[in-house]
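Subject: Structure handover

Hello,

Here is the structure for you to look over. My notes follow below it.

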Amino acid sequence: MAVVYILWLREVKKYLRSRPQILASLGQPLMYLLAMGFGLGPVFQKAGQGDYLQFIAPGVVGMAVLFTSIFSGIGLLWDRQFGFLKETLVAPVPRLQIMVGRTVGGATVAMIQGILVLTVCLIAGFRPHGLASVPLALLFMALIAVVFAALGTVIGSTLRDMQGFQLVMNFLVMPIFFLSGALFPLADLPPALAVATHLDPLSYGIDGLRGALIGQSHFGVAVDLAVLGSVAVCFLALGARAFSKIQI
Amino acid sequence: MIRVENLVKTFGDVIAVEGVSFDVRAGEIFAFLGPNGAGKTTTIKMLTTLLRPTSGSITLDGLDPAAKPLDVRRRFGIVFQDPSLDGDLTAYENMELHGVLYHVPRRVRTERIQTLLSLFELWDRRGSRVKEFSGGMKRRLEIARGLLHTPKILFLDEPTLGLDPQSRNQLWTHVRHLNETEGVTVFLTTHYMDEAERVAHRIAVIDHGRIVAQGSPQDLKQQTGTESLEQAFLALTGSSIRDERVDGADQMRQMARMWRR
């Protein structure tokens, strides 16, 4: 337990010490929120879908959690690079504990980032439909964070260096975001896109966030919870497996 | 304590270690010497569970690192050749993390960290982040960290690279002390032949992935008819300069530097 805790603490400390990075990582979600939220707002309204800022805010929060958590996993590559990974891999500790400490640490950081973005959304004019919705929203943020921190661990354990990073970014992370329904409603989509959105785990996370925060949900909050929870268990298992196989 | 038989490691079509065999007895200081790229670090990685051998057998305190990695890890400590500190953490935090990873009880941990950081003159800078340290300070911290727990076997992979004579002296004095009082078996590599001559009970020389000579410093000098270990080493391995293979890690280090600009 002490091992899991100290590795968790390391992730959190590293995050809190990189203030410029925290600010920088607020930039992208903010851009989506303001440019898309206000820019597409009138069109969305005319299409009879209501307030776009209300709609997109949960998506932007989900996006912040997705990016932060997946990058925390890929941080494994930096640790491999700068040598610290060796230090943990030769320690007389089951690799599962190391993996869990790192992943939960990365997920915690992603949650903090999600809460920051949610706060920014509130300042920009987002109004959730009640305080009671907050705990459920936090639960969904936590689930999204765990799912993608674990996925990041799988990627970070599999890639040997930064060369594959662009590939992962363009063919995995960006599609996960764009196909999640963060930016558009999931109803009445062309069949191909509908299939893709149903396969994307983030769809359920953002749908759940929307259900919690503004009371609109496509799949239903219970389905979202069940799907996301199962995916989390699967990805954690995959992450643990990939991490246990690392050779230096 | 360590028994290696016909150890082979290949990366693609490159043979890094080619049928190496040697024995390290319990309680001895064993030096593993060789030019750059001879296969020293690859061998250490296999001994310390970081790499799986292609073929051949290793037993470490009676255990096979590939079969029982966790039990083997409980038995050794290591100072790596390359950096392995976390630059975003302070010197103290790096030590603390290591202590927790190696299950050093809190009270012992606090005490040892202070002793070791003082010994290597880092106590005053314990609260500074490691990325602000000079190369020599990082190296000293790395060594202090490796000595935090008392393992059965201590691996030192070129520990004195980039250290000043004072720190080198501290290190070897401390290592000898550990060896004599606690019976720690030491497995070391170095490019400084005077150090090997000074501390090692026995030496193995590896070149092109094969052991070319084994014995006490005295034996090696006799075998080659030379007067110093340095001359013996050159007689055994020739005087041409070797290149190490550039791997993906080096390329990434360069990219990391570009990113930071």
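Start with chain B. An open sheet of 3 strands runs in the order 2-1-4, with antiparallel pairing. Helices (H or I, at least four residues) and strands (E, at least two) are DSSP runs, numbered from the N terminus; two strands pair if DSSP finds at least two bridges between them. Strand 2 (14-24) and strand 4 (55-60) of chain B are the edges: each has a single partner strand, so one side of each lacks a neighbour in the sheet. Neighbouring strands are turned by 20 degrees against each other on average, direction ignored.

This is a predicted model: local features need pLDDT of at least 70, side-chain atom pairs count only at pLDDT 80 or more, and totals for chains, interfaces and linings use all residues. Residues are numbered from 1 along each chain as its sequence is written, and chains are lettered from A and ligands numbered from 1 in the order in which they are written.

Strand 1 (residues 2-11) of chain B pairs with strand 2 of chain B over 8 bridges, antiparallel. B:Phe11 has B:Val14 of strand 2 as its bridge partner.

Now the interface. 25 residues of chain A are in contact with 30 residues of chain B (C-beta atoms, placed from the backbone, within 7 Å). On the chain A side, helix 1 (2-16) and helix 5 (84-89) each supply at least two residues. Helix 1 of chain A gives the largest share, 6 residues.

On confidence, the predictor gives the complex an ipTM of 0.89 and a pTM of 0.87.

Best wishes

Technical notes. Two residues are in contact if their C-beta atoms, placed from the backbone, lie within 7 Å. Axes are lines fitted to C-alpha atoms, for helices over the stretch in contact, and angles run from 0 to 180 degrees between N-to-C directions.
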